[in-house]
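Work through the exercises below with the sequence and the structure side by side.

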Amino acid sequence: MGRDEYERRMVRAGRAAAEAGLAGLIVTPGPDLVWLCGYRPTAVTERLTALVIEPGRAPRLLVPVLERPDAERAAGAGALTVAGWTDGADPYVELGKWLAPQGRYGVSDGMWALHLLGLQRSVPGGGYAALTEVLPMLRAVKDAYEVERLAAAGAAADAAYQDVLGVRFAGRRECDVAGDLARLLTEHGHSQVDFTVVGSGPNGANPHHEAGERVIQDGDMVVLDFGGLKDGYGSDISRTVHVGEPGAEERTVHEVVREAQQAAFEAVRPGIACQDVDRVARRVIKSAGYGEYFIHRTGHGIGVTTHEPPYLVEGEHLPLVPGMCFSIEPGIYLPGRFGVRIEDIVVCTERGGRRLNVTGRELAVVA
């Protein structure tokens, strides 16, 4: 992606800041900085790096002087001014010179307390608020380039799932299968593996179970939830498999989750509130008698991180708009017994939903 696209993003961010009543944005290393200007420091240390975006002004990036050459090579560097500060100087005073003395700024969620406290000391009249509070939708609506990057990441995760169906489950530890998933994601182009949940038998009733030493047994349900980053964009997929032939109740629970996931997908359209997609999935599960066992939201946004706005959850009135990308992942978790989750990444289009994961959602049988 070139300079012009980064420039458009920074202009849009400045405009959004003004509309939110902010003097501007202060962005430190993390996903927002990469998304806005393409700069990812090779190491994040106590030395301050900060991008300042203010409406109607050219964006400016303050970096440690020893890192300035790297910053000037960032893909979006041509659309901003890069300035360096030297060891021994107070970087918060230097940054404060750029800020409105009484201005309220949106700051990166992950800004170190060290940096925020330094800013408050150097600009005592200023105010600061987390970006997800004041501009939660900054990265939520994806352009065509981003959607296709997410689609490519989803296709790679699909391929990893298809491959893992051929490995041995019974008699191996959860962490062994998790290792298979990590290897397969990498083989299919992921540069970063963020999570590989393998929840077998009763462990599957914990939605975020960390794959451990439990030996998978014949007759186990196994929840698989895995993803990471490919070319800078996230994947996140969940499927539930069974070791050997499943019993009637296991088939029933899986079918209820599949129907809930399908119903929520079919509800996706521009203008529907995020909470209403959640309600559709929840209604299917509740009417089947498992409502109390669906214990998390229906979905979360995804982009340059695997969890970001929008969130498909009760109380979120934000309407879907074309370009929003998010998971749809209802589940049922029966304590001490087993769990089922089915998850796809979906993008809202003018005509409804488009799945970015297309591999089968049936209950697969593994050895």
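A residue is called buried when its relative accessible area is under 20%, exposed when it is over 50%, and partly exposed in between. The model used throughout is a predicted one.

**Exercise 1. State what share of the residues of the protein count as buried, and decide whether the radius of gyration agrees or disagrees with that of a compact globule.**

Step 1. With the cut-off above, 54% of the 367 residues of the protein count as buried.

Step 2. A compact globule with 367 residues would have a radius of gyration near 21 Å, and the protein has 23 Å, so the two agree.

**Exercise 2. Describe the make-up of the fold, and find how far apart the mean positions of the positive and negative charges are.**

Step 1. The protein contains 10 helices and 18 strands.

Step 2. Among the contacts with a separation of 6 or more, 67% are accounted for by residues 24 or more positions apart.

Step 3. There are 38 positive and 49 negative charges, and their mean positions are 3 Å apart.

**Exercise 3. Work out which way the side chains of strand β13 point, and which strand is joined to β13 by bridges.**

Step 1. In strand β13, residues 325-328, Cys325 and Ser327 point one way while Phe326 and Ile328 point the other way.

Step 2. All of these residues, on either side of β13, are buried.

Step 3. Strand β16, residues 344-349, runs antiparallel to β13 and is joined to β13 by 4 bridges; within this pairing, phenylalanine 326 stands opposite valine 346 of β16.

**Exercise 4. Classify alanine 159 and glutamine 275 as buried, partly exposed or exposed, and place each in its helix.**

Step 1. Alanine 159 belongs to helix α7, residues 144-164, and because its relative accessible area is 24%, it is partly exposed.

Step 2. Although alanine 159 and threonine 359 are 200 residues apart along the chain, their C-alpha atoms are separated by 8.2 Å.

Step 3. Glutamine 275 lies in helix α10, residues 274-287, and its relative accessible area of 7% is the reason why it counts as buried.

Step 4. Once its neighbours within four places in sequence are left aside, glutamine 275 is in contact with Val313, Glu314, Gly315, Glu316 and His317.

Methods: Residues are numbered from 1 along each chain as its sequence is written. This is a predicted model: local features need pLDDT of at least 70, side-chain atom pairs count only at pLDDT 80 or more; totals for chains, interfaces and linings use all residues. Side-chain values use heavy atoms; hydrogens and water are left out. Helices (H or I, at least four residues) and strands (E, at least two) are DSSP runs, numbered from the N terminus. The radius of gyration is taken over C-alpha atoms; the globule rule is 2.2 Å times the number of residues to the power 0.38. Buried means under 20% relative accessible area, exposed over 50%, partly exposed in between (1.4 Å probe, protein chains only). Contact means heavy atoms within 4.5 Å. Lys and Arg count as positive and Asp and Glu as negative; His and the chain ends are not counted. The place of a charge is taken as NZ of Lys, CZ of Arg, CG of Asp or CD of Glu. Two strands pair if DSSP finds at least two bridges between them.
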